[in-house]
Amino acid sequence: MTFKPTRRSVLTGAAALAATPGLAIAQAPSSAQVVVIGGGFAGATCARYLHRAGVKVTLVEPSAQYISCPFSNAVLAGLRDLKDQTFTYDALAREGVAIARVEAAAIDRDARRVTLSDGATLAYDRLVLAPGIDLRFDALPGYDLAASEIFPHAWKAGAQTTLLRRQLEAMADGGTVVISAPANLFRCPPGPYERASLIAHYLKTTKPKSKLLILDAKDAFSKQSLFTAAWKELYGDMVEWVGLSAGGKVTEIAPGEKTFVTEFGKHRADVGNVIPPQRAGRIAVSSGIADQTGWCPIDPVTFEARQQPGVHVIGDAAIAGGMPKSAFAANAQAKACAQAVTLMLRGQAAPSPKLINTCYSLVAPDYGISVAGVYQPAKGLLTDVAGAGGVSMAKAPASVRAAEAGYAEAWFKTITHDVFG
Amino acid sequence: MATRAFKVIGVSAWVALSSMTGALAQTQAAPASGAAAPSQAFVASPPGATACLGCHGPEATALPSLARLSSADIEAALADYRDGKREPTLMNRIAKGFSPEESKAIADWLAAQAGSKP
């Protein structure tokens, strides 16, 4: 008589599994593992939200702290301390996000496994790549890692930011600052011009005889008419921008002579800032997920890399169609991606997302301008929603510019709280 | 009544409203977990909604928190930005990217988060 109940219970268990696979999957993919590589605005957000959704997630990030690029131009101008740019992963760890403090060395896509720099491996059901950018030290003749100690890039915030700040402080009144801006695509499209603006503010207030020259590899840039008008209004002749067709493209750097070489001539700099060409972070390139452009093409609904099911790419490394490589975009993509990944692990379809970008730039401490956009999938890309988005009004009163400067600071406070706690 | 008052406050009320909600936040004991902290509810959020949290957090700054606004308040504000009835900020440019139906879904979701626990 003991046989029957035992057999029935076994059958019941098996039948239950067979009859309700959808329920079992929908409730909790408790064994499903997600690995997120990279702890910036995209990766840290995604790991945090996945964890909140009940997904088992490991964040792979070798650094104990993250130094934010947004607002680092204010550090260059002496308006802000680098420590106010610095965030830790303590809140994520407290919430229960597993963090592997090592580098991701390799991805085995067939075995769905990440090998870490300490030799350990992490199995995943889905992988989220958020490796940010790598600066290309092979793209501009003369500009290698050593040259970046003479002409800092300061395009990853930290020691390079401090170095460029020190050089600006040490420069004599009447000196020339030269910034070279790359062709598209690159991190933070308005960033070089915000940087020029805030350095000009510093020069105007402390070294008013100085000059600032921007050598640009393109003929148009983000918020161009607003920046151009503001430079004239605030800084007069101090700021000069030379676009591609006027000979602005830098073809070589001669750090020993402190010189920028263009197709049309040479420019000697007392302080030089080279913002070099960029590509997706190393792991995206070495694992073959980036394409020949150096960036990662993605599906606009799931953020999965093209031809790479199970591997999602968010943030600066992704080709996100109309979306710029901004911190706001990275954070928005991360949340939409966390939603898609969670649903896909439950065996459900990811919904078609709508995404927003918001980007403030400071032209002076009390003078902010902005660009916004709304995006949705169309023809395989994240595409601008017609009729939405755009930049701040031209010829707005000072009160509007001051309000936008305040909004910029408020945005930074809120978004870094959303990302890092 | 609250909705009506909000509408009467009118065009340039966001900043004033944000300082009001900020004051409320200080006087009313906030739940320990943070009233507007997003939870697993984001998995069921309508398109676009979670992006709002990049600027509008649980506490008011120069940008208002949406945590203590009703769905009707948020929906009305989005409609006014979309239709150009509010002093333009960045929000008019964003609101134009969402239909009335999408805006309502976002407003409902954001308002529902106010009472949720992470």
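**Chain contact and helix packing in a predicted model**

Student: How many salt bridges are counted between chain A and chain B?
Tutor: This is a predicted model, in which local features need pLDDT of at least 70, side-chain atom pairs count only at pLDDT 80 or more, and totals for chains, interfaces and linings use all residues. Residues are numbered from 1 along each chain as its sequence is written, chains are lettered from A and ligands numbered from 1 in the order in which they are written, and side-chain values use heavy atoms, without hydrogens and water. A salt bridge here is a side-chain nitrogen of Lys or Arg within 4 Å of a carboxyl oxygen of Asp or Glu. Between chain A and chain B the count is 2 salt bridges.

Student: Which residue of chain A meets B:E102 in a salt bridge?
Tutor: Side chains of opposite charge can pair when their charged atoms come close. For B:E102 the N to O distance in the pair is 2.8 Å. The partner in chain A is A:K354.

Student: What area is buried between chain A and chain B?
Tutor: The contact (heavy atoms within 4.5 Å) takes 40 residues from chain A and 30 residues from chain B. Buried area is the accessible area (1.4 Å probe) lost by the two parts on being put together, summed over both. Carbon and sulfur atoms give 66% of the area, and the total is about 2,800 Å².

Student: How many residue pairs are in polar contact across the interface of chain A and chain B?
Tutor: A polar contact is a pair of N or O atoms within 3.5 Å; within protein, one must be able to donate a hydrogen and the other to accept it, and residues adjacent in sequence count only if both atoms are side-chain atoms. With both residues at pLDDT 80 or more, the rule finds 11 residue pairs.

Student: Which element gives the largest share of the side of chain A that touches chain B?
Tutor: Elements are DSSP runs numbered from the N terminus: helices are H or I with at least four residues, strands E with at least two. Those giving two or more residues to this side include α3 (41-52), α10 (327-345) and α11 (398-420) of chain A. The largest share is 10 residues, and the element that gives it is α11(A).

Student: At what angle do α3(A) and α10(A) pack?
Tutor: Axes are lines fitted to C-alpha atoms, for helices over the stretch in contact, with angles from 0 to 180 degrees between N-to-C directions. The axes of α3(A) and α10(A) are 8 Å apart. Among the residues making the contact are A:F41 and A:Y49 of α3(A), with A:A334 and A:V341 of α10(A). The packing angle is about 35°.

Student: Which residue meets A:K335 in a salt bridge?
Tutor: A:K335 lies in helix α10 of chain A, and its partner lies in helix α11 of chain A, 83 residues apart. The N to O distance is 2.7 Å. The partner is A:D418.

Student: What is phi of A:F71?
Tutor: A:F71 lies in the loop between β3 (65-67) and α4 (72-76) of chain A. Its phi is positive, in a residue other than glycine, and the value is near 80°.
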